[in-house]
Amino acid sequence: MKSMVIDRPMGADELVVKELPDLQPPPGRLAVDVVYAGVGYVDVLLRRGAFGDLVPLPAVPGLEVSGYVRAVGAGVQGFRVGQPVAAMTLTELGGYASIAVTRPELTVPLDGPLGSLDLCTAAAGIVNLTTAYMALGQVARLRQGDHVLVHGAAGGLGSFIGQMARHFGAGRVYGTVGSAQKLELASSLGYDELFLREGFAEELRGKDGFRGLDLVLDPVGGGMRRASQELLRPLGQLVVLGNASGAEDVPQSMLEAWLANRSLTGFSIGGYSQYAPSEVGEAAKAALHLLADGVIRSEVFGVYPLEKASEAHELLETKNTVGKLVLQISG
């Protein structure tokens, strides 16, 4: 099988395709012939060696795939060879390959009720869409009328969070972006208004009738995290979803959180899927139904062959994308 292996911290231009032995599913797993694989900023961080010993190298990046079931491991039920599926390879990685091994709990059939969902859209959406669904519905427990701020609002995750917040009944949905060209995307991604990251806090405070935020969702990190907390109203919540900026951790004072009546929560879908894979899988099915029914739309910025994964990584590093990038592995 063809695969892209990261054996050491490297630059995007060092990504090359290698031939490896075909994978066979161990008991309790599926093997999938991959047609599409999603590309996320976490893949860039993995390539740079940002996770250290948490993700030992060598490793094959890729958290999400779509394709067809190649083989069914012993003990797995409910799947058949040739069945179209989308899967989150959150615990195994391995998406940048022509064959991936997946957990059945994190694999969603794309026939039956989800038969209208094409493979590219499913691969582009399954991880970020499920993250948005769980972060808003199960972690933050968004309430009708809540005022919400989302950082990285036009990225692969943010482009879903704005729409999902609107679906769950948010009263106002704001977002921040890194370039002026992205400001015009507000309404198409579910936002009432988008702001440039520089100076976003002052702009929000200056809005007529601004009453503070009920919820901030932050996959970016860095100094904006502190500024965001100061915009929260009493009993407001900040949900940390990542650190795409690569900035140093922002120290937190629990005493300050107590006195200000604010809360800080973290959600990592990868970590939670190891604890409760069936719960994450059910959330993925529900989220993909919203995509298939047209309630949420997916923004695919570009599709690249596996051999040009470096170009996708370079685009992500320049933060000059909207929505999701996808690799086409076969088909």
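This briefing covers a sheet, a cavity and a group of aromatic rings. The structure is a predicted model. Phe 267, Tyr 272 and Tyr 275 make up one aromatic cluster.

**The sheet**

- Strands of a sheet pair through backbone hydrogen bonds, and the pairing can be parallel or antiparallel.
- Strand S8 (residues 147-150) and strand S11 (residues 213-218) run parallel and are joined by 3 bridges.
- Leu 149 sits opposite Val 216 in S11.

**The cavity**

- Rolling a probe the size of a water molecule over the atoms shows where empty space is left.
- The largest cavity has a volume of about 110 Å³.
- Its lining includes Arg 226, Gln 252, Met 254, Glu 256 and Leu 264.
- Helix H5 (223-229), helix H6 (254-260) and strand S13 (263-266) each supply at least two lining residues.
- H6 gives the largest share of the lining, 4 residues.
- By type, the lining residues divide into 4 nonpolar, 4 polar and 3 charged.

**The aromatic rings**

- A pair of aromatic rings is described by the distance of the centres and the angle of the planes.
- The count comes to 4 aromatic pairs.
- One of them joins Phe 267 and Tyr 272: the ring centres are 6.2 Å apart and the planes meet at 55°, so the pair is tilted.
- Tyr 272 and Tyr 275 also pair, with centres 5.6 Å apart and planes at 50°, so this pair is tilted.
- Tyr 272 and Tyr 275 are 3 residues apart in helix H7 (residues 269-275), which means about one helical turn separates them.

**Exposure in the cluster**

- Phe 267 is buried, because its relative accessible area is 9%, and buried means under 20%.
- Tyr 272 counts as partly exposed, at 26% relative accessibility.
- Tyr 275 counts as exposed, because its relative accessibility is 67% and the cut-off is over 50%.

Note on methods:
Residues numbered from 1 in each chain as written. Predicted model: local features only at pLDDT ≥ 70, side-chain atom pairs only at ≥ 80, totals over all residues. Heavy atoms only, no water. Phe/Tyr/Trp six-rings, centres within 6.5 Å; stacked < 30°, edge-to-face > 60°. Buried < 20%, exposed > 50% of the residue type's maximum accessible area, 1.4 Å probe, protein only. 1 Å grid on protein atoms, 1.4 Å probe; cavity = no way out; pocket = protein on both sides within 12 Å on 5 of 7 lines; lining within 4 Å. Points joined across faces, edges and corners; volume = space filled by probe spheres on them. Nonpolar A, V, L, I, M, F, W, Y, C, P; charged D, E, K, R; others polar. Pairing = 2+ DSSP bridges.
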